Amino acid sequence: MASHPRSATPAPIGPVGLCPLVWGFGFLPEGEHAPEVSLLAAAPQSGQDSFQLGVARAFAPLLEDLGADPDRVIRIAGLDPALLTDPNAVLSLGAFCALIARSGACTGCPHFGLLLGQRIQLPALGLVGGLMRHSETVGQALHNLIRHVETHSVGATTALNAQDGTAVWNCAVYEPGTDCADQVADAAAAAGTNLLRALCGADWSPEEVLLPRAVPGDEAPYRAAFGAPVRFNREAAALVFPASQLDQPIPGADPERARVLRQILRDQARLSAPDFTTRLRQLLRTELMQGGCTAEKVAGRLSMHRRTLARRLSAEGTAFSVVADQGRFEIARQLIDHTDIPFAHIAAALGFSEASAFTRAFRRWSGESPSAWRAGHRR
């Protein structure tokens, strides 16, 4: 397949003009269908960064398939095995990452997140999955996903960019201190591939896949999962495909059912919208990867004046520059920990004029130089 120009260098792949999506993950074994409301019944409260998981129907079978005892693994991860019998369990992002890390360690599988993502099917997104299924086109389905899953915060944000005939659908973790952002990215890319196959046909594959991780020892599982070239050492997980596919009609879509589902989701959004701090972190993660994050721009995205944003942050004992630096540090930390991207490219992705300015900023944030951090924290 033809390679996208972004493959040449690890340039930023930020979205253009579209609101971010907060990935709401639900898991089902292949071929199974859940009631459209099942995974939304226990939606996380505002401000929580969490994953909604049908844990018993995803983690347990996968662990068993890999020869591990699910109860033992979940206890090692510091969680209650009762989660494995609760299809509406809600896990914090930290707990989710701990479970993936322990699962990978106990099974000897370094790409556990990839395998987990392959088990995400469209029906597992509940009402949102139903709305996508009954959207008129693939593009409308993705925009519905972006618009309505945002209320189920999980500490990861995604966005769609379509220009010059190419669509890029990306996902990135924004929750501070996430230690398995690479595994979450693997899961997101695999899940996104499944969703698009459900909409476009079982034989659909992206033109290429971008992943924010170093080249693994074994690339075969990735090639098998995506059926496309996989480019490692990128700033965020992304699926690249022809923008013309966004106009593809979805067979069997029911406009009336879509209208009903859309209204239900709007009603839910009024009850469970993310709190101010969570929403701000989501926006910053999206904007920072474009390198042009300003208080004015973010305030506009929040439908408020810059001075109002400053007052809101001041009331919480902080300032925009502080929160933006926290976001930059989290992005830099993830890329240094999980990839081999040169520091100069990371600096450029974060909007620094030169690598030396990034090095000074990173030392101020962490107390170490980027090279020392990579040497001491490499995954």
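Reply: Let us begin with a term: a residue is called buried when its relative accessible area is under 20%. Please keep in mind that this is a predicted model.

Me: What makes strand 5 largely enclosed by the rest of the structure?

Reply: Eight of the eight residues of strand 5 are buried, so the strand is largely enclosed by the rest of the structure. Thr-166, Val-168, Asn-170 and Ala-172 point one way from the strand, while Ala-167, Trp-169, Cys-171 and Val-173 point the other way, and all are buried.

Me: How do you know that strand 4 and strand 5 pair?

Reply: Pairing requires at least two bridges between two strands. Strand 4 (residues 156-163) and strand 5 are joined by eight bridges and run antiparallel, so they count as paired. In one of these bridges, Leu-160 has Trp-169 of strand 5 as its partner. The two strands form a hairpin with two residues between them, and Asp-164 in the turn has a positive phi of about 55°.

Me: What makes strand 8 a partner of strand 5?

Reply: Strand 5 (residues 166-173) runs antiparallel to strand 8, and six bridges join them. Since the requirement is at least two, the two strands pair. Val-168 has Val-240 as its bridge partner in strand 8, and Asn-170 has Ala-238.

Me: Which strand pairs with strand 8 over three bridges?

Reply: Strand 6 does, in the antiparallel sense. There, Val-209 stands opposite Leu-239 in strand 8.

Me: Why is strand 8 described as largely enclosed?

Reply: Five of the six residues of strand 8 (residues 237-242) are buried, so the rest of the structure largely encloses it.

Me: Why is the contact of Asp-186 with Arg-213 called a salt bridge?

Reply: The term requires a side-chain nitrogen of Lys or Arg within 4 Å of a carboxyl oxygen of Asp or Glu. The closest N and O atoms of Asp-186 and Arg-213 are 2.7 Å apart, so the pair forms a salt bridge. Asp-186 lies in helix 7 (residues 181-200) and Arg-213 in the loop between strand 6 (208-210) and helix 8 (220-226), so the pair ties together parts that are 27 residues apart in sequence. Both Asp-186 and Arg-213 are buried. Asp-182, Asp-186 and Arg-213 are linked in a network of salt bridges.

Me: What makes the pair of Glu-287 and Arg-301 a salt bridge?

Reply: Their side chains meet at 2.2 Å, N to O, and the cut-off is 4 Å, so the term applies. The pair links distant parts of the chain, with Glu-287 in helix 10 (residues 276-288) and Arg-301 in helix 11 (residues 295-301), 14 residues apart.

Me: Are Glu-287 and Arg-301 buried or partly exposed?

Reply: Glu-287 has a relative accessibility of 1%, so it counts as buried. Arg-301 has 27%, so it counts as partly exposed.

Me: How do you know that Arg-328 and Asp-325 are separated by about one helical turn?

Reply: Arg-328 and Asp-325 are three residues apart in helix 13 (residues 320-338), which means about one helical turn between them. They form a salt bridge, the closest N and O atoms being 3.3 Å apart. Arg-328 is buried, with a relative accessible area of 16%, whereas Asp-325, at 22%, counts as partly exposed.

Me: How many salt bridges are found in the whole structure?

Reply: A search of the whole structure finds 13.

Definitions and conventions. Residues are numbered from 1 along each chain as its sequence is written. This is a predicted model: local features need pLDDT of at least 70, side-chain atom pairs count only at pLDDT 80 or more; totals for chains, interfaces and linings use all residues. Side-chain values use heavy atoms; hydrogens and water are left out. Helices (H or I, at least four residues) and strands (E, at least two) are DSSP runs, numbered from the N terminus. Buried means under 20% relative accessible area, exposed over 50%, partly exposed in between (1.4 Å probe, protein chains only).
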